[in-house]
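I opened the notebook to record what I looked up in this structure. The entries follow the order in which I checked things.

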Amino acid sequence: ADTIIVPGSRDIVESSPALLDALRRAHRRGARVASICAGAFILAAAGLLDGKRATTHWAHTDALSRRYPRVQVDANVLYVDDGDILTAAGSAAGLDLCVHVVRRDWGPLIANEVARRLVIAPHRDGGQAQFVARPIPDEAHALSPVLDWARAHLDRTLTGANEKASRV
C-alpha cells in the first residue's frame, strides 16, 4: 500500500510487535502512514512519531505525551501533516485528514467533490477547542423564532428596521 491508515478506537490499544514492524517496514519503503484518534499510540509505539509533531483526540493527548515523551503532541489541532506521517485528532478530524490527503494527491476540485459526497466541509478551520465542554444555555437559542419566521417568509424582501443604527 502507498498509504496506510491506522484507525482509532474508543480506548488506547496495545499493538502487536508484528504490526509495529510492518508499519516501520512500510514507512522505510516510502509508504505514507496516518492515524486517526488513538491510532497515534500505535504510530508512536512503532517509533514513527519520535521527534515529530502529532495529535490525537483531546482526551488522550496527556497520555500520549506521558507515554511517548519524544513525540511533540499538539492538542490544539484537528490534524497534523508531517509529509509522510499524518495524525488526526478524532473520528470527525479523521475525515478532515482524509479529505486533506485527497486534496494533496488529487487537488481541490476532487477533494471538494469528496467532501460534498460525505456532506462535510471541504476544510474546517479551528482546532479541538471546538468541542463543547458544557451544554449550550437555552438563551443561546433566542434567535430561533426569528429564523423560523424568516424561513416562513422567504418570499418577502427583508430589510433592516433602522438602517442608520445598523451601520453603527
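Entry 1, a surface patch. The model is predicted, and I started on its surface. I found that Trp106, Leu109 and Ile110 form a nonpolar patch there, with about 420 Å² of accessible area together. I then looked up Ile110 and placed it in helix H5, residues 108-118. Its relative accessible area is 43%, so I noted Ile110 as partly exposed, since exposed would need over 50%.

Is Thr56 buried or exposed? I read a relative accessible area of 0%, so Thr56 is buried; the cut-off for buried is under 20%. I located Thr56 in the loop between strand S3 (53-54) and helix H3 (61-67). Next I asked which backbone oxygen the side chain of Thr56 reaches. It is that of Cys37, at 2.7 Å. I also listed the contacts of Thr56, leaving aside neighbours within four places in sequence. Among them are Cys37, Ala38, Phe41, Leu64, Ala88 and Gln128.

Side chains of opposite charge can pair when their charged atoms come close. I got a count of 10 salt bridges and looked at some of them.

One of the pairs is Glu14 with Arg67, whose closest N and O atoms are 3.2 Å apart. This pair links distant parts of the chain, 53 residues apart: Glu14 is in the loop between strand S1 (3-6) and helix H1 (17-28), and Arg67 is in helix H3. I noted Glu14 as exposed, at 65% relative accessibility, and Arg67 as partly exposed, at 41%.

I then checked Arg70, which forms a salt bridge with Asp50; the closest N and O atoms are 3.4 Å apart. This pair also links distant parts of the chain, 20 residues apart. Arg70 sits in the loop between H3 and strand S4 (72-73), and Asp50 in the loop between helix H2 (40-45) and S3. Arg70 is exposed, with a relative accessible area of 59%, while Asp50 is partly exposed at 29%.

I found a salt bridge between Glu113 and Arg116, with the closest N and O atoms 3.7 Å apart. Both residues lie in helix H5, three residues apart, which is about one turn of the helix. Glu113 is partly exposed at 32% relative accessibility, and Arg116 is exposed at 60%. Which residues are linked with Glu113 in a network of salt bridges? I wrote down Arg116 and Arg117.

Methods. Residues numbered from 1 in each chain as written. Predicted model: local features only at pLDDT ≥ 70, side-chain atom pairs only at ≥ 80, totals over all residues. Heavy atoms only, no water. Patch = residues over 30% accessible without salt bridge, like charges linked within 9 Å, V, L, I, M, F, W, Y side chains within 5 Å. Areas by Shrake-Rupley, 256 points an atom, 1.4 Å probe, with all protein chains shown as cover. Salt bridge = Lys/Arg side-chain N within 4 Å of Asp/Glu carboxyl O. Helix = DSSP H or I, 4+ residues; strand = E, 2+ residues; numbered from the N terminus. Buried < 20%, exposed > 50% of the residue type's maximum accessible area, 1.4 Å probe, protein only. Polar contact = N/O pair within 3.5 Å; in protein donor to acceptor, adjacent residues only side chain to side chain. Contact = heavy atoms within 4.5 Å.
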